Amino acid sequence: MKYRVPDYYKDFSCIGSKCKNNCCIGWEIDIDDKTLKDYYQVEGEFGKRLCDNIIHEDSAYFKMDKKGRCAFLNKNNLCDIFTKLGENHLCQICTDHPRFYNEFADIKEIGIGLSCEVAADLILNQKEPVSFLETGNNLGNLEEMFIFYVRNKIFEILQNRKLDMSQRINLMLEFTQKMQNYVNQGKHSLDLIEINIQDNTQKHWKKASSAESWKQWKTILLNLEILDDTWKKLLMNTDSQKNIQINDIFYEQLLVYFIYRHFMHAINDKNMIDKVKFAVISCHIIARIIQENDLNNMGLIKEDIPRLYSKEVEYSDENQEIIFDEILFESF
Ligand code: SF4
């Protein structure tokens, strides 16, 4: 098995009770079967509390109070399961979060998700281009290697600081479309992976970030299941015709994150271009909301917007599926 992590991964550590956006508030926390069995073995008063605070529907999950707090999050914002039973009695989601794991071709890629405030701060405020650290060796079959090396070239394009961000986005879309055409034709020779494209325009980004595009995505986002009222307020407030500025390392890191997290799913569906479009659309939505709202007045900082977006879109399978279905009809 080969393992891959972004270079900032080692610097992540949860701040627990000091966290302003604790992940035990506002989420339905599912309990995996193994942990559920373990909870039903717990005796005494705490065992009874566990049984009383687990809801069984399609899956089992913890009850929440009226403010959306997990039933086991105490007034000091610490987890009672952790303090009473120990860390190894946490359910899988609580153990993992905000880490994510993508496995393909005997390769495991690990990262941290933007929905956590510490992770968002760490990811988006890296000043140097992110690199990825690997252990073990496994390259997969030719098709898997092709998709992997296409992604490496995409990172190269996104991290080319000689170009404006909008030019990098344009180039990334042109390059990925060309590579997608090869995959559609069943061609996977690594020699085909050459950037070799002269395109210094901003045409794709201009279309992707237009007022028209915003109107369309605003409607889609408002029709999703919304987890956080602040997100809804931000969406409602965002409506002007401004040209969005993305020449900031923050947006490079944001795009690299989305590509790292989602692109390799193309191994399963052979659809690389939609993963790239997802990254571009996400970048537009986040940039527009940041630039058209008085965040300070709302008690928010810039990093809160990708954090909220990730919570609403990346951490809801249903919402993410709707977004990817919509992207099938997106042309820019
Ligand atoms: S959101 Fe991140 S920092 Fe906050 S409690 Fe969860 S894992 Fe820890």
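Predicted model: local features only at pLDDT ≥ 70, side-chain atom pairs only at ≥ 80, totals over all residues.

Q: Okay, and how many bridges join β1 to β6?
A: Three bridges join strand β1, residues 2-6, to β6, and the two run parallel. Strands here are DSSP runs of E with at least two residues, helices are runs of H or I with at least four, and both are numbered from the N terminus. Two strands pair if DSSP finds at least two bridges between them.

Q: What else sits opposite something in β6?
A: Lys-2 stands opposite Ile-107. Phe-104 also stands opposite Ile-107, and Asn-102 stands opposite Glu-109.

Q: How do β5 and β6 pair, parallel or antiparallel?
A: Strand β5, residues 99-104, pairs with β6 in the antiparallel sense over six bridges. Their hairpin has two residues between the strands, and there Ala-105 takes a positive phi near 45°.

Q: What does a pairing consist of, in general?
A: Strands of a sheet pair through backbone hydrogen bonds, either parallel or antiparallel.

Q: In what order do the four strands of the open sheet come?
A: The order is β5-β6-β1-β7, with mixed pairing. The edge strands are β5 and β7 (132-135), and each pairs on one side only. From one strand to the next, the twist averages 20°.

Q: How many bridges join β1 to β7?
A: Four bridges join them, and they run antiparallel. The bridge partner of Arg-4 in β7 is Glu-134.

Q: Is β1 largely enclosed or left open, and why?
A: β1 is largely enclosed by the rest of the structure, because four of its five residues are buried. Buried means under 20% relative accessible area, exposed means over 50%, and partly exposed is in between, using a 1.4 Å probe and protein chains only. Strand β6, residues 107-112, is mostly covered too, with five of its six residues buried.

Q: Switching to helices: how many residues of α5 are buried?
A: Seven of the eight residues of helix α5 (residues 117-124) are buried, so α5 is largely enclosed by the rest of the structure. Among the buried ones are Glu-117, Val-118 and Leu-124.

Q: What covers them?
A: The cover includes β6, α11 (249-262) and α14 (304-314). Contact is counted when heavy atoms are within 4.5 Å.

Q: Now α1. Is Thr-35 buried or exposed?
A: Thr-35 is buried, with a relative accessible area of 9%. Thr-35 is in helix α1, residues 33-41. Leaving aside its neighbours within four places in sequence, Thr-35 is in contact with His-89, Leu-90, Cys-91 and Gln-92.

Q: And Lys-34, buried or exposed?
A: Lys-34 counts as exposed, at 70% relative accessibility. Lys-34 is also found in α1. Lys-34 and Cys-91 are 57 residues apart in sequence and 8.3 Å apart in space, C-alpha to C-alpha.

Q: Which strands does α1 lie across?
A: α1 lies across β2, β3 and β4, running at about 125° to β3. For such angles, axes are lines fitted to C-alpha atoms, for helices over the stretch in contact, and angles run from 0 to 180 degrees between N-to-C directions.

Q: How are those three strands arranged?
A: They form an open sheet in the order β2-β4-β3, with antiparallel pairing. β2 (30-31) and β3 (54-56) stand at the edges with a single partner strand each, so one side of each has no neighbour in the sheet. β2 pairs with β4, residues 60-62, over two bridges, and Asp-30 stands opposite Tyr-61 in β4.

Q: Last one: which residues are around the ligand?
A: They are Cys-14, Ile-15, Cys-19, Asn-21, Cys-23, Pro-98, Cys-116 and Val-118, where being near the ligand takes a heavy atom within 4 Å of it.

Conventions:
Residues numbered from 1 in each chain as written. Heavy atoms only, no water.
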